[in-house]
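Walk me through this protein model. Begin at one end of a helix, then move on to the domains, the contact between them and the salt bridges.

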Amino acid sequence: MQHIPPARWISAAVTALLLAAVRLPAGAADAAPAHLANVTILATGGTIAGTGASSTTTIGYTSATVGVQSLIQAVPELAKVAHVSGEQVMQIASESMDNAHWLTLAKRVNALLAQDNVDGIVITHGTDTLEETAYFLDLVVKSRKPVVLVGAMRPSTALSADGPINLYNAVLLAASPEAVGKGVLVAMNDQIHAAREVSKTNTSTPDTFKTTELGMLGYIQGNHPFFYRQSTRKNTADTVFDISRLDALPQVDIVYGYANMQPTALNALVAAGAKGIIHAGVGDGSLAAPMVPALTAARQQGVVIVRASRVGQGIVARNGEANDDALDFVVADTLNAQKARILLMLALTKTADSKEIQRMFYTY
Ligand code: SIN
């Protein structure tokens with residue numbers, strides 16, 4: 001069923017059209033490319049598709065209510081940069097994104113990118129777990145064609161909603177030759193980030209997505225993407241992961257480090273069947289004294305233990321705060337705990353060998 005675009009999307013689009021009409025003759029920056037790329041927008045929900053009670057409702061709104069066709073119709077400028085089509089893959093708030101959703105989404109992305117008539121994919125997504133979905137896709141998409149994730153921090157009905165311009169930038173990026181072979185990208189707030197390194201850093205502001213220390217890849221300005229750097233880690237077509245025949249992923253859970261930490265949660269997760277544990281330790285992935293015997297016992301039962309850090313930046317040093325060689329643990333390198341969970345799940349689909357898993361953590 002066709003959704004009627006919310007008033008804010010319509011007025012934003014009309015305003016943008018008027019502005020474009022005024023600016024277009026001025027320069028080449030707005031000129032449409034001679035051959036438009038074919039970009040498919042896969043919609044999954046989130047605030048970009050959310051609606052609030054009024055134009056000033058920026059909290060307490062409802063996520064995932066506007067359908068993909070309405071999102072597209074609300075930004076007619078998309079037609080200047082790509083031939084756009086849309087599919088509603090799911091309609092959820094991203095806090096409820098799960099492994100099954102990821103497998104569904106990744107299989108659809110791979111099927112579309114295998115077609116000659118699809119040049120790039122944009123995925124509209126809630127911002128809460130956007131970085132996780134981006135990294136999952138970065139590891140399992142089997143194509144060098146652009147895949148760009150985009151969200152919004154303000155619902156579609158809000159004053160200065162960021163969804164329309166973010167969506168425009170994401171389509172522009174997915175249609176651009178510069179984005180080919182760059183791995184899965186995140187386009188938010190006029191910036192381009194690599195899936196592996198970007199994080200949501202603020203609960204509510206539109207500039208929430210940052211690649212704090214390693215640095216974002218570039219900007220989108222004046223209708224062009226500008227790249228300045230690239231991740232050195234392998235991604236997409238260069239990974240060993242193949243989800244085409246998977247309908248589930250191994251259970252991997254996270255335990256979070258804090259003062260007075262006890263192994264209660266860890267033991268419960270192991271008893272519940274976890275095949276891997278990400279220990280998001282304090283500092284350089286340090287282990288509180290009560291955790292060492294519990295983690296050791298879990299490892300002896302075959303659970304793969306990855307030492308990550310709750311700090312959010314920096315390398316977790318192998319054999320630094322723990323003797324990983326002796327304990328047979330893996331370190332997360334620079335991955336945050338939620339992304340380490342994704343890599344460990346995928347690693348466990350290939351091997352149970354901790355040395356091989358460690359190699360993967362230094363590769364992807
Ligand atoms: C969500 O992640 O679905 C809600 C929050 C957002 O999209 O900003």
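Threonine 363 sits in helix 11, which covers residues 354-363. The model is predicted, and every value here is computed from it. Is threonine 363 buried or exposed? It counts as buried, because its relative accessibility is 16% and the cut-off for buried is under 20%. Set aside the neighbours within four places in sequence, and threonine 363 is in contact with Arg233 and Lys234.

Now step back to the domains. The domain assignment of the protein gives domain 1 as 6-237 and domain 2 as 251-363. Taken over C-alpha atoms, the centres of domain 1 and domain 2 are 32 Å apart. Domain 1 brings 17 residues to the contact, and domain 2 brings 16 residues.

How much area is buried between domain 1 and domain 2? The figure is about 1400 Å². Carbon and sulfur atoms give 54% of that area. On the side of domain 1, the residues that lose the most area to domain 2 are Tyr135, Arg196 and Arg233. Together these three account for 36% of what that side buries.

Polar links also span the boundary. Between domain 1 and domain 2 there are 14 residue pairs in polar contact, with both residues at pLDDT 80 or more. Which elements give two or more residues to the side of domain 1 that touches domain 2? They are helix 4 (99-113) and helix 5 (130-140). Helix 5 supplies the largest share of that side, with 6 residues. By class, the side of domain 1 that touches domain 2 holds 7 nonpolar, 3 polar and 7 charged residues.

Turn next to the salt bridges. The structure holds 11 of them. Across the interface of domain 1 and domain 2, the rule finds 2 salt bridges. Arginine 196 and aspartate 333 meet through their side chains in a salt bridge, at 3.2 Å from N to O.

Another pair joins lysine 200 and aspartate 128, at 2.7 Å from N to O. Aspartate 128 counts as partly exposed, because its relative accessibility is 43%.

Aspartate 207 and lysine 210 form a further salt bridge, at 3.7 Å from N to O. Aspartate 207 is partly exposed, with a relative accessible area of 35%. Lysine 210 is partly exposed too, at 34% relative accessibility.

Arginine 318 pairs with aspartate 325, and their closest N and O atoms are 2.9 Å apart. Arginine 318 counts as partly exposed at 27% relative accessibility. Aspartate 325 counts as exposed, because its relative accessible area is 52% and the cut-off for exposed is over 50%. Elsewhere, salt bridges that share partners join Arg196, Glu197, Arg233 and Asp333 into one network.

Tyrosine 219 lies in strand 9, residues 218-221. It is partly exposed, with a relative accessible area of 40%. What does tyrosine 219 contact, leaving aside its neighbours within four places in sequence? Its partners are Asp190, Gln191, Ile192, His224, Pro225, Phe226 and Tyr228. Methionine 188 is 31 residues from tyrosine 219 in sequence, and the two lie 9.5 Å apart in space, C-alpha to C-alpha.

How values were computed:
Residues are numbered from 1 along each chain as its sequence is written. This is a predicted model: local features need pLDDT of at least 70, side-chain atom pairs count only at pLDDT 80 or more; totals for chains, interfaces and linings use all residues. Side-chain values use heavy atoms; hydrogens and water are left out. Domain bounds come from an automatic or database domain assignment. Contact means heavy atoms within 4.5 Å. Buried area is the accessible area (1.4 Å probe) that two parts lose on being put together, summed over both. A salt bridge is a side-chain nitrogen of Lys or Arg within 4 Å of a carboxyl oxygen of Asp or Glu. A polar contact is a pair of N or O atoms within 3.5 Å; within protein, one must be able to donate a hydrogen and the other to accept it, and residues adjacent in sequence count only if both atoms are side-chain atoms. Helices (H or I, at least four residues) and strands (E, at least two) are DSSP runs, numbered from the N terminus. Ala, Val, Leu, Ile, Met, Phe, Trp, Tyr, Cys and Pro count as nonpolar, Asp, Glu, Lys and Arg as charged, and the others, Gly among them, as polar. Buried means under 20% relative accessible area, exposed over 50%, partly exposed in between (1.4 Å probe, protein chains only).
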